[in-house]
Amino acid sequence: MDHILVTGGSGFIGSNLSLELQNRFPKAAITVLEDFRSSSFKNLLGFRGDVLAFNAADRSWLDLFKNRPLDTIFHLASITDTTVLDEKKMMFDNVEGFRNILELAAAKKARVVYASSAAVYGSQTRQLKESDGGVPNNIYGFSKWTMENLARQFQGGIKIVGLRYFNVFGPREYFKGDAASMTYKLYLQMKAGKRPKVFKYGEQKRDFIYVKDVVEATIRAADCPQSTSMNVGTGEPTSFNQMIEVLNEALGTQLEPEYFDNPYDFYQSFTQADMSHAMKMTGFSRKFSTRDAILDYVRNYLEPEYAAKAVLGASGR
Ligand SMILES: NC(=O)c1ccc[n+]([C@@H]2O[C@H](COP(=O)([O-])OP(=O)(O)OC[C@H]3O[C@@H](n4cnc5c(N)ncnc54)[C@H](O)[C@@H]3O)[C@@H](O)[C@H]2O)c1
């Protein structure tokens, strides 16, 4: 990895990835492509590479790579708010952005690792293996599924690895607004002394994975021996009630959950990744248990003595 492009590189996962790549490959030239629609430069403080402020779906930025070498692309730029209903916009920005990336990668003979999503599984409620994909229940999931189809059919002679991230949480998700993780949103409520609000009756289970593990899985995917799509989760779902228990432990509080009706008809109430394909392809398995991840996040990034540093994107580095 000498010449790396990270799209969506100031976003939550993208900034953690860009900064970790900089740590691990100090001699690499790392370029971020980012239009800052759902993130801030504050996530990238300490980053020493170039930043191109373009929409990935535009074609104008491709010219900037005419004389720029490139061997590895991590494509994370995407509309990430799953409640966006403008179908044309979701499809254009997510899919056309990816088409540009594939065209560039083919011209440079660069490998591509890109973010798909567990949203390609729709509302299925069992442990999900990769062959279960293709039944998204919202336009966000459909855009990710279309990207996977594009990758599968692409004839560019390059390696393309899709990562179906499950529910990611951790430092630098602070600029995602409503699309931030349940962990962060529940933490903010509890920190303010309020009872944490969750859909009735808090027993919905999701495969929550810590961003530090996600960064590890993403870097490993670059060395995957073949083009494929794979799950990136823990394999062990956690209920909202369990999450609230650990947040109470981290904060030293005893706040009871407050339950309310779920207004969404396309809500995934159970997700669990089957991680055997990812393990076989890349040797990845998560390092952090959900409890250890929440404790690390709260104690080392979110609590007051760390909060200022965390919001500046400088903690943990
Ligand atoms: N966080 C999760 O739980 C999760 C789960 C499944 C999949 N994903 C995928 O992982 C990737 C990263 O997500 P994230 O959680 O870091 O979200 P994020 O919103 O923090 O990051 C996305 C970044 O891409 C940028 N962006 C969006 N559209 C762009 C475009 N067309 N051109 C240039 N920049 C653009 C945004 O400004 C943002 O910085 C996304 O592709 C997302 O769909 C995330």
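1. A polar backbone atom of Arg 37 is 2.9 Å from an oxygen atom of the ligand, a polar contact being a pair of N or O atoms within 3.5 Å. The model is predicted, with local features needing pLDDT of at least 70 and side-chain atom pairs pLDDT 80 or more, while totals for chains, interfaces and linings use all residues. Residues are numbered from 1 along each chain as its sequence is written, and side-chain values use heavy atoms, without hydrogens and water.

2. Side chains also reach the ligand. A polar side-chain atom of Ser 38 lies 2.7 Å from a ligand oxygen atom, and an N or O atom in the side chain of Lys 144 is 2.9 Å from an oxygen atom of the ligand.

3. Around the ligand there are 29 residues, counted when a heavy atom lies within 4 Å of it. Glu 34, Ser 39, Thr 80, Tyr 140 and Lys 176 come nearest.

4. Helix α4 (residues 182–191) and helix α6 (residues 240–251) have axes that come within 10 Å and cross at roughly 50°. Residues in contact (heavy atoms within 4.5 Å) include Leu 186 and Met 190 in α4, and Ile 244 and Leu 247 in α6. By class, this contact has 9 nonpolar, 2 polar and 1 charged residues.

5. The axes of α6 and helix α8 (residues 290–302) come within 9 Å and cross at roughly 40°. That makes α6 oblique to α8. Their contact involves, among others, Met 243 and Glu 249 of α6 and Arg 291 and Ile 294 of α8. Its residues divide into 8 nonpolar, no polar and 3 charged.

Notes. Axes fitted to C-alpha atoms, helices over the stretch in contact; angles between N-to-C directions. Helix = DSSP H or I, 4+ residues; strand = E, 2+ residues; numbered from the N terminus. Nonpolar A, V, L, I, M, F, W, Y, C, P; charged D, E, K, R; others polar. Polar contact = N/O pair within 3.5 Å; in protein donor to acceptor, adjacent residues only side chain to side chain. Parallel < 35°, antiparallel > 145°, perpendicular 65-115°, else oblique.
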